[in-house]
Structures are given as structure tokens and as C-alpha cells.
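This report examines how side chains pack in one protein model. Please consult the sequence and the structure shown below while reading.

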Amino acid sequence: MEVDWGRRRLSRLTVVNPPVNSLSTDVLLSLKDAYEEALRRNDVKAIVVTGARGKFSGGFDITAFGGLQGGKYMDQPKVGFISIDIITDLLEGARKPSVAAIDGVALGGGLEVAMACHARISTSTAQLGLPELQLGIIPGFGGTQRLPRLVGLPKALEMILMSKPIKGEEAHALGLVDAIVPPDELVKAARSWALDIVEFRRPWIKSLYKTDKIEPLEEAREILNFARIQARKRAANLHHPLVCIDVIEEGIVSGPRAGLWKEANAFQELLHSDTCKSLVHVFFAMRATSKVPGITDLGLTPRKVAKVAILGGGLMGSGIATALILSNYPVVLKEVNEKFLNAGIDRVKANLQSRVKKGKMTNEKYEKTLSLLRGVLDYESFKDVDMVIEAVIEKVSLKQEIFADLEKYCSPHCILATNTSTIDLNLIGEKTLSQDRIVGAHFFSPAHIMPLLEIVRTQKTSPQVVVDLLDVGKKIRKTPIVVGNCTGFAVNRMFFPYTQSALLFVDHGLDVYKIDQACTKFGMPMGPFRVADLVGFGVAVATGMQYLESFPERVYKSILMPLMLEDKRAGEATKKGFYLYDEKRRARPDPELKKYIERSRDMAGITPNPELMKLQDKDIVEMVFFPVVNEACRVLDEGIAVKASDLDIASVMGMGFPPYRGGILFWADSLGANYIFRRLEEWTKAYGECFKPCSYLAERAAKGIPLSAPSNQAKARL
């Protein structure tokens, strides 16, 4: 905290804690000391609070959460000390007025400090918000009480429950800030406003006690009850949004002081919850994916990728093209004929038009973005591109032919990337001499929306190429994970047992819809059978054959989907799969499915076990996910993934594993390796080798070591 006692009867307090001036107990104690000194001094009549280097404050320092949760900090402040003693009684209750000068960000605790000041001056581009629910907690420094009183209950609920920040202009319109000024006039304007309060030319407002924007009690309760219904719909397994609504209600019903105490106690309790620990783990794991030993620690600088070419304008190719042009990359899209090319360009247009309809893009921006895309039918325009991404059908011979052509037409520095989801990169590059610049750029569908980018390197891929692709991934707002080369790479390989286990248990007597329901209740966006319908049986069966070829000892050879394919049931695209689909793609159970399941069981020689139908959802979830955990352990043990946290992010962002469970291995560790090992052993005896625990899992279970703890070999890599 920097203190400038200044002239003209003002004290300027500046939060200094790079890079975003985050708050910690020490920073807040130093703010307290500076305030107390300002209040003691007779020459100081008012206070301006701001942040260094154009950022007010990004909120409480999340790196301190681990220590607070683990009890490492013996001198933790008592409940309510910061929110009530410091922020409410000292800052807001001061006998001298304070004004917050906001630029850059005022998020979380940063905004809560600003709301305790008696006025707020902001720049138009500043971001203001309370994103705490993303970490499994609620605002803990008075935000649940002050924000509704400043912007009204409906908007406050939207901002808090959806973790939705707003810009300075909107904040001004809502009444969250009192004036908008240019950045170079910010502190001067805040000083002037503070002195105006001293001279009674402007009102001295304590946000906590404002009532003009709070609805009458019955109306407020209706709004809060509607918010509860919506919160349960969005995430039935999450408790903390409901706690947050209860805390807001307490302040309206029993008064703001009572609300503050309820907030402080709830914050403390939620801080130690499994949900908070899981979401904090995901937060840091996301930021760690771009740190790759032996790649990002070599001092390499990313080369400029000024232009990208994409081969194939299907769903994936057009999605990748959309993601690139949205980030201002000029793109050349190649197809084999005019019809396919026009279809590809139309898909890109549709992707952009969807953004226009949702108000995320203006018509002018649409035209400008689309102008970055050019369609071609030959390789003539590939001479000056810096990266090519191949996104054609999963056919080895075709990909080999394409990469041989690319070597001829592209410059020697051009990165040659493939979007294959399963095929070994060494096979794809077998007929080229440029294997050092061949890399996997595996996007997930829809590519312009899904946040994960799986960067696949072979033994021959140059570290420079990986660094370049990491940089492109960052610029197109993807979270990258760097993985090794094998069938399915990390994400698809880790999750192939998800559907496989489900198919096995259906043959043995479990109901398709009961499995899907158990998985969605657990928090997955879709169960394995709904996913199979979405992907399409043709792709699912072909992919299954690749896993059978690579891992024959642990693949269950279900014939259920091939049987359905024979009757032209291929999933959602044909409106018939495991579900029936209407014109709006809404799924409903299909009574006819029973006959295919009976045929599959007959052909496999399996008599269904009626006991399986009595299983609880918890048991079904374990039967489907423990084989996924087992495969994740193999992926980690083989060095395909660098660290366990990368697989957690891969599961969350690539497959929709619920983030509030921390990712696949974080969740597994919450249950214990020994428990998972014992269940897999039971199923191996009952159902066969596809459940057999791998040596990594067996060893961890025997020694009581967490699955995510680095091995000595991994530590050497790290």
C-alpha cells in the first residue's frame, strides 16, 4: 500500500500488489493502518483509494486459499474482522469521506472495497464484478449486501450468481459508479469529488444503508425464490449459489448488519467446502497447462503466425476457421470442389450470424471478420501461410497424401498441423521429410465454442513448433494442453471407457436411460449414450475399432451399435439412435431400443443380471467412471500427459466433467486409490479384463499415494 498524504487536504491510498493489485490479509491490514493514520491526521479531510498501474484491484489473492483451507496460517483473522471491522466500521463508517478511483479491474474483494467508499469514479472500460461463485464461495467482504442496494436486486443477482462483470459505462447507468471520466483525469476527478463531499456539495452515501433500489419485501422474496429455481436448474448439485441467495435475503429481511454476519459465517464455511477446493484446483490447473517442461522452459520465443490455411470445410474445419478469424487471423480455406467449398464458407457465415443474433457481434464486425476468410480449390495460396491445419475425414491414406502435398507447396518454416482426434501422428507424417514440424492441433466440436485445444507432439516435433502453437492457442482464447502421441491422445483415449463400460453393463442388464440419468445427475452434460447419438454411430464404431486394434486386451467388443447401424439407426443425424429426436433435436426414450439390446445380449451369450437394475446412481457412476480413471492413470504413467492436473483440465474442458468435482483425477483422489482399485478388482472378476487395474493404480493403492502425486520419473520431467 502506497500512501501519498499530498496537498489540498487529501490522502491518496494506492493498492500495490502486481500484477492485478490483488488483496491479501497483509494488504488489507496495511489499508487499515493507512486509513487509521488518515483519520488521525488533522490535515487530511478526505481519502482517495486507487490501484497502481491502471488496475484498481483484481480481488482477493487466490493463492492464499490453499493456506487458509489447510490451516497453514495460524494467525487467520477472526470471522467478520475484514468485512465488518475494517471495511464496514472503519472504511464506510469513517468520519472522513472516501472516493474509489477505478480503472482496469475492480473484481471480487476489489469491488467490495470500492462499494464501501462513499462514491466511485470509473473509466468507461473498467471491469466491475463479483466472480466469487466461480470458486465455490460467495462475496465475503460485504458484496452480497451492498451490490443489491446500489444496482437493485435483479441485476445484483445476475452479476453475482452468473459471475457476470460489467463495464464502467453500464456500471454508471446502473448507479454502481457515480461518474465516468478518461483515465488521465481519474484521480483528479476522484479528489475533486471527495472534497465536494467534505464541503457538502455532494452527498455522503453509505451504500450499506441505501434502500431506494430494494423492492418491497414480498416482491423481493418473489425475485429471490425465482433466482433459487433458476440456480437449481443450472446446477442441481451446487449448494453455494443457494447459500448466496439466503445471505442476500437475510440482509433484506433482518437488516444489512445481520446480512453481513451471515455472509461472513457462510464465506468461512464455504471456503473449506469440497466444491471450493475443487474449483480452486481447476483455476490453478488451467493456468498451469501452458507450462510444459522441456518446451516452455527453453527460452524460445513464439514466431509470428500471420496467416493460416485450413484443409477441409466440414464441421470441424469451418469451426476452426471461425475461431481463427474471430481472433483476426487471415484464413485460407481449401476444399476439393466448389460445392464443398461453398458449404464450408456457409457454415462459417452461420457461426458468425449466430453471434450477431445473440448480440455478441455487430453487422459491421460480422462483415469485417468474414473478410478475413478466403476460399480456394488449390494449393497456390499456401506459399505464404505460416500454419496449415488439416481437418479432413479420419482416413490415414488421405491424410498421408495431403501432408506429402503440403511439404511441396508450403514454405520450409510452415507448421503442418492435423486436427485428427485419434490417428497416430507418425502414421500421418510417414511419407514426409518434415516430421519435426508436424503437430496435432486437436480442437473439440464445435471448435469455435469449445475451450480446449489438445496440442499433440511426437518424439520428432520441434519444441519451437509447440511454443508457436501454444501462442496461437492463447490468442484464439483456448486453454491448451500439450500431450504425447498415441491412439486417442489424452482426452479421447482417457474417455473411451466411458461409453465402453456403459455398453458392457447394458449387455449385463443395466438400463440405457438409467445410466445416462445417473451420469447427468452426477454433473455430466450428457450420459454416454446421448453422447454416442450426438457423435454418430459411424464415427463411434470406427473409433472403437482403432482402440480395439491398439488395446485389444481391454476393449469390450459390444455389437449393440453395429446392430443398430444395420437398421439405419446412426444417432441424432438420422433422428434415431439410443433416443428418438424431433425436429428441434429434443431427445426422448425409444421403446424399440429393447429389441436391439436383447439381440446384442443373445449374440454375446449373456444372461442379464436383475440385481444390476437395483443399483443406486452412485454405483452406476463408479462403474462408468472408474475405468476412465484407470485409463487416465495409464496416460499419466506412459508420459502422454505431463501432469495429473492437465488431465483434470482435459476432462473438464474436453468432456464436460463437472468442474466443481475438480477434474477426473482430483475427484478420484477424493475417493482414494485403494477404494477404486478394490472396485475395479471386483468387476474384473465378474466382467473381465477391461476393468483390470493398471500397475500405476495398483501401486498407488498399495502405498496409499494419491493418483495425482507426481512419480519420481514425472518429477524428473517437471
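This is a predicted model: local features need pLDDT of at least 70, side-chain atom pairs count only at pLDDT 80 or more; totals for chains, interfaces and linings use all residues.

**Nonpolar cores**

The largest nonpolar core holds 96 residues, and the members that touch the most others are Phe382, Leu406, Phe578, Phe625, Ile664, Leu665 and Leu707. With 12 residues, helix H25 (residues 617-637) is the element that gives the most to this core. Another core lies apart from it; this one has 73 residues, including Cys117, Ile160, Ile166 and Ala220.

Leaving aside neighbours within four places in sequence, isoleucine 664 is in contact with Met494, Phe625, Val628, Val629, Ala632, Leu647, Asp648, Ser651 and Phe657.

**Aromatic pairs**

A pair of aromatic rings is described by the distance of the centres and the angle of the planes. The count of aromatic pairs in the model comes to 26. Two of them are set out below.

| Pair | Centre to centre | Angle between planes | Geometry |
|---|---|---|---|
| Phenylalanine 495 and tyrosine 498 | 5.9 Å | 75 degrees | edge-to-face |
| Phenylalanine 537 and phenylalanine 578 | 5.2 Å | 55 degrees | tilted |

Phenylalanine 495 and tyrosine 498 are both in helix H19, and because they are 3 residues apart, about one helical turn separates them. Phenylalanine 495 is buried, with a relative accessible area of 4%, and tyrosine 498 is likewise buried, at 2% relative accessibility.

The other pair has another setting. Phenylalanine 537 lies in helix H22 (residues 537-550), whereas phenylalanine 578 lies in the loop between helix H23 (560-566) and strand S18 (579-581), so the pair ties together parts that are 41 residues apart in sequence. Phenylalanine 537 is buried at a relative accessible area of 0%, and phenylalanine 578 is buried at 0%. Phenylalanine 578 also belongs to the largest nonpolar core.

**Charges over rings**

Arginine 287 lies over the face of phenylalanine 283, at 3.6 Å from the ring centre. Lysine 334 lies over the face of tyrosine 379, where the distance from the ring centre is 4.8 Å.

**Cysteines**

How many disulfides does the structure hold? The number is 0. Cysteine 276 is in no disulfide, and the nearest cysteine sulfur, that of cysteine 244, is 14 Å away. Cysteine 276 counts as buried, since its relative accessibility is 0%. Cysteine 694 is also in no disulfide, with the nearest cysteine sulfur, that of cysteine 633, 4.9 Å away. Cysteine 694 is buried, with a relative accessible area of 8%.

Is histidine 508 buried or exposed? Its relative accessibility is 17%, and it therefore counts as buried, the cut-off being under 20%. Histidine 508 is placed in the loop between helix H19 (491-507) and helix H20 (512-522). Beyond neighbours within four places in sequence, histidine 508 is in contact with Ile606, Pro608, Asn609, Leu612 and Tyr687.

Serine 98 has its place in strand S4 (residues 98-102). Serine 98 counts as buried, at 0% relative accessibility. Not counting residues up to four places away in sequence, serine 98 touches Tyr35, Ile47, Leu91, Cys117, His118 and Ala119.

Note on methods. Residues are numbered from 1 along each chain as its sequence is written. Side-chain values use heavy atoms; hydrogens and water are left out. Helices (H or I, at least four residues) and strands (E, at least two) are DSSP runs, numbered from the N terminus. Buried means under 20% relative accessible area, exposed over 50%, partly exposed in between (1.4 Å probe, protein chains only). Contact means heavy atoms within 4.5 Å. A nonpolar core is a set of buried Ala, Val, Leu, Ile, Met, Phe, Trp, Tyr and Cys residues joined through side-chain atoms within 4.5 Å. Rings of Phe, Tyr and Trp (its six-membered ring) pair if their centres lie within 6.5 Å; planes under 30 degrees apart count as stacked, over 60 as edge-to-face and the rest as tilted. A charge sits over a ring if NZ of Lys or CZ of Arg is within 6 Å of the ring centre and within 35 degrees of the ring normal. A disulfide is a pair of cysteine sulfur atoms within 2.5 Å.
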